[in-house]
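Hi,

Here's the structure I said I'd pass on.

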Amino acid sequence: MAVAEMSKLNLVAMSYDRDRLLNALQRTGATEVKTHYEVENTSPVTESSESLSGQVNRIDGALNLLAAEVSAYNKDNKVKTDDLKDGFSVSYREFIGANSLKEECDAVVDKINLLFDERRTLAAEKTKLERAQSTSEIYACVTEKFGEFASTTHTKVKLGTIPLEQLEPLIKETGLKELCSLTSLNVSGDTALISFVYHKSEEGAEELLQNAGFSSCPYPPEASGAELNAEITRKLNDITGRTEEISKEIIKLGKHIKTLKIYSDYLGFELEKLTLTEKMRATQKTFLMEAYVPKEAEEVVKTALEETTDAVYFEFGEPAEDEMPPTLYKNNAVVKNFETITNMYSPVNAKEFDPNGVMAFFYSLFLGFIMGDIGYGLLMLIVGGAIYLKMHSQDGGLKRMSGVFAIGGIFAILWGLLFGSLFGLEVLAPIMPNAKDDTWGVMGINVPSVLIIAMELGIVHLMAGYICKAIQHMRRGHFWDGMLDGFVWAVFSIGVGIAIAGFIEQANTPILAYIGGGIAGVSLLIAMLTAGRKEKFFGKITKGFGAAYGIINYVSDVLSYARLYGLMLSGAVIAQIIAEYTVVGNATTVGFLVSGNPLLIILGVFIFVVGHVFNLAIGLLGAYIHDARLQYVEFFGRFYEGEGELFAPLGSSHKYIKLESSAKK
């Protein structure tokens with residue numbers, strides 16, 4: 001449990017070797033380039049990355065379109081493939097050699113863009129044709145040319161549509177006129193197609209049509225309705241056919257997805273190198289670079305540089321006192337999962353004690369306490385462990401949080417054994433008090449037993465925070481600061497914890513109250529007398545009273561751990577209610593699962609499964625948030641500085657692939 005010590009690499013080399021050297025450093029996975037200080041007779045290295053950035057965006061845009069299409073096709077056709085999964089391994093040789101993929105990938109991207117552009121054009125054309133078909137559909141029954149519905153010397157012929165509701169009234173009105181004739185040719189939806197013929201001498205005929213909402217036929221005289229509709233249908237069928245062909249061609253291009261991903265990440269690395277040049281300095285023929293390297297990786301980096309070129313000078317040194325190197329954790333596989341929780345607050349800075357190991361224990365302890373059930377713990381362990389193992393090749397947040405919940409599940413099982421609870425059922429003789437019913441007397445007041453246990457756990461947590469503070473000071477050579485500002489308060493916490501145990505009437509150990517009170521009192525007195533040791537006379541007094549006043553904050557912090565009891569109690573009560581309805585029963589009813597009634601058994605299974613899944617999900621959400629709060633405020637508040645920046649080696653960030661980057665390969 002530590003943060004890796006960093007060395008500072010200073011390098012000078014020929015400008016023509018820069019790209020090769022950066023490739024070599026990327027392969028080590030152990031170099032983070034930092035901004036070089038200004039040097040006389042040098043200037044910043046400036047190279048435009050606009051073109052390459054545009055190329056990366058173009059590749060990614062086409063890749064996203066292709067991946068979405070293939071994903072939808074696979075889902076609809078129940079096709080299983082690994083082509084769409086990210087995080088697949090790529091050897092260093094294959095990655096660096098991805099430059100040779102340029103011609104192939106550019107051709108594929110051009111093809112993807114052309115196909116999608118064509119399909120978008122066809123979709124727009126199809127929409128227009130469908131609107132046209134909707135309008136022309138009513139004319140499909142007209143087999144004659146529209147020009148045949150022409151007026152003569154003495155008559156006028158009108159072909160067009162009216163609202164269907166106007167058809168009957170118009171027929172009646174037309175029947176009252178001797179020189180008018182109306183023929184209904186077709187009806188489609190709420191529209192009627194009519195042919196209206198009247199003698200030119202017939203007054204009011206035009207007005208009849210206008211009042212009926214008549215719309216004249218909009219099509220040219222040389223076409224017929226049947227021909228027009230058939231042509232539109234043919235075009236729509238052609239578009240549909242071509243669209244299907246395009247979709248098939250796109251799906252065939254799915255075989256290039258992995259290649260495009262490798263090439264995209266390769267271009268991303270090339271873009272990163274261009275961007276990093278802004279941090280370097282240069283003369284006419286050389287470039288200067290500074291970087292952070294973990295001390296343990298110095299030999300690896302040295303070998304990589306020497307094997308690349310002879311025209312390079314470099315040296316490793318210590319970072320300046322006012323520099324803050326990046327943070328590289330050195331934790332085991334279990335603790336690594338909990339780094340995510342710490343990083344959400346703030347990464348450890350490189351000059352402080354890494355608390356992740358201690359925090360991991362308490363986070364799991366509290367998470368298990370809140371869930372406090374064998375069944376829930378097993379589900380957390382199985383489901384969390386399964387997700388963790390399934391994502392073994394990746395290193396994302398989901399994998400790490402799955403690991404956290406799986407480890408918390410082990411603690412939930414242990415607490416469940418102490419409480420004797422399995423999905424709310426009392427299956428073992430409980431060692432711990434019942435969260436809902438049991439109380440202990442404290443100075444004549446009945447207090448929930450588990451609440452007192454939760455606060456005792458909190459005192460232990462605070463004590464651990466003070467011990468971490470002591471370690472932090474001592475690591476920096478401040479022994480007495482560690483003893484007086486950390487260890488003394490840890491002893492005070494021990495005294496408080498012992499005193500509370502002595503006040504519990506059922507324990508019948510009042511002597512512990514005196515012992516604990518004595519320990520707490522002496523340690524508090526020492527803290528008050530030494531709080532102002534670095535101040536002048538008046539400051540010594542105010543600092544001493546400040547230490548005494550801090551007891552109020554301490555009590556408030558201890559009370560914060562009551563949330564452990566509250567969350568644990570709510571989950572336990574819900575679990576017991578579910579168990580009562582489904583298995584145990586009560587004075588008036590029998591549990592559904594043992595009732596013998598098939599319908600009640602089915603209902604019981606439903607309530608049991610859904611109820612416990614809901615309770616587990618809500619419990620985990622609350623536990624995750626409040627457990628983290630206790631770490632951030634109560635624990636980290638004792639000693640944590642944070643504000644570190646995680647170590648980000650050159651070329652370590654990839655969107656799609658997992659690079660097998662090692663100087664040994």
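This is a predicted model: local features need pLDDT of at least 70, side-chain atom pairs count only at pLDDT 80 or more; totals for chains, interfaces and linings use all residues.

Residues are numbered from 1 along each chain as its sequence is written, and side-chain values use heavy atoms, with hydrogens and water left out.

**The sheet**

Helices (H or I, at least four residues) and strands (E, at least two) are DSSP runs, numbered from the N terminus. Two strands pair if DSSP finds at least two bridges between them. With that in hand, there is an open sheet of 4 strands in the order E7-E8-E6-E9, with antiparallel pairing. E7 (180-188) and E9 sit at the edges with a single partner strand each, so one side of each has no neighbour in the sheet.

Inside the sheet, E6 (residues 155-163) and E8 (residues 191-199) run antiparallel and are joined by 9 bridges. Thr-155 stands opposite His-199 of E8. E6 also pairs with E9 (residues 215-216), again antiparallel, over 2 bridges.

Contact here means heavy atoms within 4.5 Å.

**A hairpin**

E16 (residues 439-442) and E17 (residues 445-448) run antiparallel, joined by 4 bridges. Trp-440 has Val-447 as its bridge partner in E17. The two strands form a hairpin with 2 residues between them, and Met-443 in the turn has a positive phi of about 50°.

**Two helices crossing**

H12 (residues 356-371) and H20 (residues 598-635) have axes that come within 9 Å and cross at roughly 145°. On the H12 side, the contact includes Phe-362, Phe-366 and Ile-370, and on the H20 side it includes Leu-616, Leu-620 and Phe-635. By class, the contact has 15 nonpolar, 2 polar and 1 charged residues. For those classes, Ala, Val, Leu, Ile, Met, Phe, Trp, Tyr, Cys and Pro count as nonpolar, Asp, Glu, Lys and Arg as charged, and the others, Gly among them, as polar.

**Cores**

A nonpolar core is a set of buried Ala, Val, Leu, Ile, Met, Phe, Trp, Tyr and Cys residues joined through side-chain atoms within 4.5 Å. Buried means under 20% relative accessible area, exposed over 50%, and partly exposed in between (1.4 Å probe, protein chains only).

The largest core has 71 residues, and Phe-369 and Met-371 have the most contacts inside it. Helix H15 (residues 449-475) gives the most to this core, with 12 residues. Apart from it lies another core, of 60 residues, including Val-70, Phe-116 and Leu-305. Back to Phe-369: beyond its neighbours within four places in sequence, its contacts include Trp-415, Phe-419, Ile-453, Leu-457 and Met-568.

**Single residues**

- Glu-323 lies in the loop between E12 (312-317) and E13 (329-330). Glu-323 is buried, at 12% relative accessible area. Leaving aside neighbours within four places in sequence, Glu-323 is in contact with Lys-8, Lys-34, Tyr-292 and Lys-351.
- Gln-26 lies in H1 (residues 18-28) and is buried, at 1% relative accessible area. Gln-26 and Val-301 are 275 residues apart in sequence, yet 9.6 Å apart in space, C-alpha to C-alpha.
- Phe-423, in the loop between E14 (421-422) and E15 (425-426), has a positive phi near 50°. At 18% relative accessibility, Phe-423 counts as buried.
- Asn-508, in the loop between H16 (479-503) and H17 (510-530), has a positive phi near 55°. Asn-508 counts as exposed, at 64% relative accessibility.

On those phi values, most residues other than glycine have a negative phi.

Cheers

Note on methods:
Axes are lines fitted to C-alpha atoms, for helices over the stretch in contact, and angles run from 0 to 180 degrees between N-to-C directions.
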